[in-house]
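Please consult the sequence and the model shown below.

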Amino acid sequence: EGAQRSFFFGKAREKNCDMLIDIGANVGLYSIFAALDDGFADIVAYEPNQLCYDRMRANLLLNGLTNKIATRRIAISDHEGEVPFVYSPRNNDLFSQVVAEGSSRDTVPSVRLDDEWPVAGRRIAIKMDIEGHERTALNGMTGLLRNNDCFLQVECWEANAEPFNAAMKAQGYRLVHTIGE
């Protein structure tokens with residue numbers, strides 16, 4: 001993800017973003033780079049997969065960053081409560097995702113970013129990698145996007161890209177750049 005990280009952090013610096021919201025943080029790579037950059041006053045990493053969350057916390061500890069990055073073991077969605085969740089054996093359970101209601105017996109806690117961050121006037125960089133749950137998460141962050149100057153990097157499956165881009169356009173955002181698949 002070198003090209004993606006380089007573009008993301010370059011744009012975040014260009015826009016003077018002082019906050020990073022890392023949605024689908026996995027093992028914390030983006031959050032760690034942000035903390036080492038020292039340009040972000042606030043960094044929060046959301047990761048609902050317990051294994052990934054534990055590895056992220058270990059990475060923060062190993063890098064002396066536990067006091068610079070707030071972490072939440074929770075999914076970003078369009079409601080507070082729980083969402084169905086599947087863990088895949090692929091990649092030692094590092095791949096997981098929120099799925100349709102009734103598709104899994106496992107659940108994880110969920111929140112809306114609008115409830116988590118009722119802020120206005122901030123410059124926020126948002127990295128989102130949530131395996132097909134982008135549109136639903138977007139529905140829970142419309143206020144955050146409307147009331148702040150946000151720059152988003154979203155990993156989106158090809159089948160979901162067009163509807164997601166249309167939903168972002170409806171929020172007043174536009175596609176700036178794409179990198180690979």
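Glu116 is partly exposed, at 23% relative accessibility (buried means under 20% relative accessible area, exposed over 50%, partly exposed in between, with a 1.4 Å probe and protein chains only). The model is predicted: local features need pLDDT of at least 70, side-chain atom pairs count only at pLDDT 80 or more, and totals for chains, interfaces and linings use all residues. Residues are numbered from 1 along each chain as its sequence is written, and side-chain values use heavy atoms, with hydrogens and water left out.

Glu116 forms a salt bridge with Arg72 (a side-chain nitrogen of Lys or Arg within 4 Å of a carboxyl oxygen of Asp or Glu). This pair links distant parts of the chain, 44 residues apart: Glu116 lies in helix H4 (residues 113-116) and Arg72 in strand S3 (residues 70-72). Helices (H or I, at least four residues) and strands (E, at least two) are DSSP runs numbered from the N terminus. Arg72 is partly exposed, with a relative accessible area of 32%.

By this rule there are 10 salt bridges, including those tabulated here.

| Salt bridge | N to O distance |
|---|---|
| Glu116 and Arg72 | 3.2 Å |
| Asp37 and Arg13 | 3.3 Å |
| Glu14 and Lys11 | 3.2 Å |

Asp37 is partly exposed at 30% relative accessibility, and Arg13 is partly exposed at 48%.

Glu14 and Lys11 are about one helical turn apart, because they stand three residues apart in helix H1 (residues 2-14). Glu14 is exposed, with a relative accessible area of 56%.
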